[in-house]
Amino acid sequence: MLKDKLVRLRKLKELSQYEAADRLGFSRGKLSNYEQGTRQPDYETLKHLADFYDVSLDYLLDHRSGNKENELEHFKNKIAKEFPDVDLMFKDLESFTAEEMKEIYEYIKFKKSQKK
């Protein structure tokens, strides 16, 4: 569900509701209502949330994709898109959790920034 994805995405960014709301230009109460499912965002707000969390509108709206596998795919795709020169030659990518794949992404991002 959308509310669960919003909470999970905010936590993946390691933000409190206050921090995320501030960066989004929302009140904390408004973000809280979206995360609790008591209020549904309009289309423009959905686009803003998708941009902020670096996910597609399809991801936010697809009720089937609210699981850890989709988060794993999100980070695999993010690595492939942002670092096309990095070859993910892991034998069994599905053995990684979404959190581990996020750590891999963050590490690659860090190492790439060191080379600049």
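Which residue lies over the face of phenylalanine 26? Lysine 30 does, at 4.6 Å from the ring centre. A charge sits over a ring if NZ of Lys or CZ of Arg is within 6 Å of the ring centre and within 35 degrees of the ring normal.

This is a predicted model, in which local features need pLDDT of at least 70, side-chain atom pairs count only at pLDDT 80 or more, and totals for chains, interfaces and linings use all residues. Residues are numbered from 1 along each chain as its sequence is written, and side-chain values use heavy atoms, with hydrogens and water left out.

Start with the overall plan. The protein has 7 helices and 0 strands. Its pattern along the sequence is α-α-α-α-α-α-α. Helices (H or I, at least four residues) and strands (E, at least two) are DSSP runs, numbered from the N terminus. The protein has 116 residues, and 37% of them count as buried. Buried means under 20% relative accessible area, exposed means over 50%, and partly exposed lies in between (1.4 Å probe, protein chains only). Now take contacts, meaning heavy atoms within 4.5 Å. Among contacts with a separation of 6 or more, 56% join residues 24 or more positions apart.

Next, look at one helix pair. Helix α1 covers residues 2–12 and helix α4 covers residues 43–53. They pack at an angle of about 35 degrees, and their axes are 11 Å apart. Axes are lines fitted to C-alpha atoms, for helices over the stretch in contact, and angles run from 0 to 180 degrees between N-to-C directions. The crossing of α1 with α4 is left-handed: the near helix is turned anticlockwise from the far one by less than a right angle, whereas clockwise would be right-handed. From α1 come Leu2, Leu6, Leu9 and Arg10; from α4 come Leu46, Leu49 and Tyr53. By class, this contact has 6 nonpolar, no polar and 1 charged residues. Ala, Val, Leu, Ile, Met, Phe, Trp, Tyr, Cys and Pro count as nonpolar, Asp, Glu, Lys and Arg as charged, and the others, Gly among them, as polar.

Arginine 10 belongs to helix α1. It counts as buried because its relative accessibility is 9%. Beyond its neighbours within four places in sequence, arginine 10 contacts Leu15, Ser16, Gln17, Ala20, Leu31, Glu35 and Tyr53.

The structure holds 2 aromatic pairs. Rings of Phe, Tyr and Trp (its six-membered ring) pair if their centres lie within 6.5 Å; planes under 30 degrees apart count as stacked, over 60 as edge-to-face and the rest as tilted. Phenylalanine 26 and tyrosine 34 have ring centres 6.0 Å apart and planes at 75 degrees, so they are edge-to-face. Both phenylalanine 26 and tyrosine 34 are buried. Phenylalanine 52 and tyrosine 53 are also edge-to-face, at 4.9 Å centre to centre and 75 degrees between the planes. Phenylalanine 52 is buried, at 17% relative accessibility. Tyrosine 53 is buried too, at 4%. The charged end of lysine 13 sits over the ring of phenylalanine 52, 4.7 Å from its centre.

Finish in the loops. Glutamate 14 is not a glycine, yet its phi is positive, about 55 degrees. It lies in the loop between α1 and α2 (17–24). At 62% relative accessibility, glutamate 14 is exposed. Aspartate 54, another residue other than glycine, has a positive phi near 60 degrees. Its loop runs between α4 and α5 (57–61). Aspartate 54 counts as partly exposed, at 36% relative accessibility.
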